[in-house]
Amino acid sequence: MESLIKLNGQLSGRDKLARLVQYSCRTLWDCLQGDSNIELIDKIKTLEYILSSFRKLLRFGKCVDVLYASLKTIHNPDVTLRLTLTLSKISQAIFLFADHIIWLSRTGLVKKLNTQKWSEVYNKYWFFSIVMNLCRDFYEICRIFDTCRDVRQLLQLFFFPKSSTDLVRVWSKATVCVNTHQAVIVDTIKNVCDVFIPLSALGYSKLSPKYQGALGIISSMAGLFEVLYPAAKLLPA
């Protein structure tokens, strides 16, 4: 209950909770396809649409904050982080701006908008933002391999165990490794799952709504974990 209250007390926490339920609805209605209860499926689809609109409202105006944040990342002394973080934030600002336009169209406040065009812009820049985040994750993983001798030993023991004692050592080292580098692991899982969602929306991937929803659930849970445990958030963000 304390965790739920903590999530509900933060804007990002509410967004992640709504996202989790939204993608759960997507998985559920696709699993129910072919069922005779069409009315139930329509209700679940409506709930997904409502949650999507709710999240767009929560994020309204955030494009300005994200664009301003890129002014800080552009001064990062690490060239790779400077490039990936800045391009990711600029892309995020653009897809959030498109998201605001879509929300205005949904509410009817602004009419005669090409919603399909703006949705395409949204998904293209969301995809590019995720790709930049994945490049950053790959860079962080490479740095871990370069600097952490325990990780190299872990891989060696995992692929070439000599005895049951080695397997115990693998488990012990794996636990330490996960605890030490959980921020990179959580961020990588989140981005790997997320990247297929805009790809499917753009038509480059043929994942069914059921599997899109499943990936969205996993990435949402990773996002909730970061909100609940700030130490699990990859910094600088």
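**Close-up 1. Lysine 56 and aspartate 99 are both buried.** We're looking at a predicted model here. The two side chains pair up in a salt bridge, with N and O 2.4 Å apart. The partners come from distant parts of the chain: lysine 56 sits in helix α3 (residues 38–58) and aspartate 99 in helix α5 (residues 79–107), with 43 residues separating them.

**Close-up 2. Aspartate 99 also takes part in a salt bridge with arginine 59.** In this pair, the closest N and O atoms lie 2.7 Å from each other. Arginine 59 belongs to the loop between α3 and α4 (62–73), while aspartate 99 is in helix α5, so this is another link between distant parts of the chain, the two being 40 residues apart. How accessible is arginine 59? Its relative accessible area is 10%, and because the cut-off for buried is under 20%, arginine 59 counts as buried. Aspartate 99 comes in at 0% relative accessibility, so it's buried too.

**Close-up 3. Zoom out a bit and a network of salt bridges shows up.** Its members are Asp15, Arg55, Lys56, Arg59 and Asp99. For the whole model, the salt-bridge count is 13.

**Close-up 4. Helices α3 and α5 cross at roughly 125°.** Their axes come within 9 Å. Are the two helices parallel or oblique? Angles of 65 to 115 degrees would be roughly perpendicular and those over 145 roughly antiparallel, so α3 and α5 end up oblique to each other. The crossing of α3 past α5 is left-handed. On the α3 side, the contact is built from Tyr49, Ser52, Ser53, Lys56 and Leu57; α5 brings in Asp99, Ile102, Trp103 and Arg106. Sorted by type, the contact residues are four nonpolar, two polar and three charged. Lys56 and Asp99, the salt-bridge partners from the opening view, are among the residues in this contact.

**Close-up 5. Over in helix α6, arginine 143 and glutamate 140 form a salt bridge.** The N-to-O distance for this pair is 3.0 Å. Both residues lie in α6 (residues 115–147), three residues apart, which is about one turn of the helix.

Notes:
Residues are numbered from 1 along each chain as its sequence is written. This is a predicted model: local features need pLDDT of at least 70, side-chain atom pairs count only at pLDDT 80 or more; totals for chains, interfaces and linings use all residues. Side-chain values use heavy atoms; hydrogens and water are left out. A salt bridge is a side-chain nitrogen of Lys or Arg within 4 Å of a carboxyl oxygen of Asp or Glu. Helices (H or I, at least four residues) and strands (E, at least two) are DSSP runs, numbered from the N terminus. Buried means under 20% relative accessible area, exposed over 50%, partly exposed in between (1.4 Å probe, protein chains only). Axes are lines fitted to C-alpha atoms, for helices over the stretch in contact, and angles run from 0 to 180 degrees between N-to-C directions. Angles under 35 degrees count as roughly parallel, over 145 as roughly antiparallel, 65 to 115 as roughly perpendicular and the rest as oblique. A crossing is left-handed if the near helix is turned anticlockwise from the far one by less than a right angle, and right-handed if clockwise. Contact means heavy atoms within 4.5 Å. Ala, Val, Leu, Ile, Met, Phe, Trp, Tyr, Cys and Pro count as nonpolar, Asp, Glu, Lys and Arg as charged, and the others, Gly among them, as polar.
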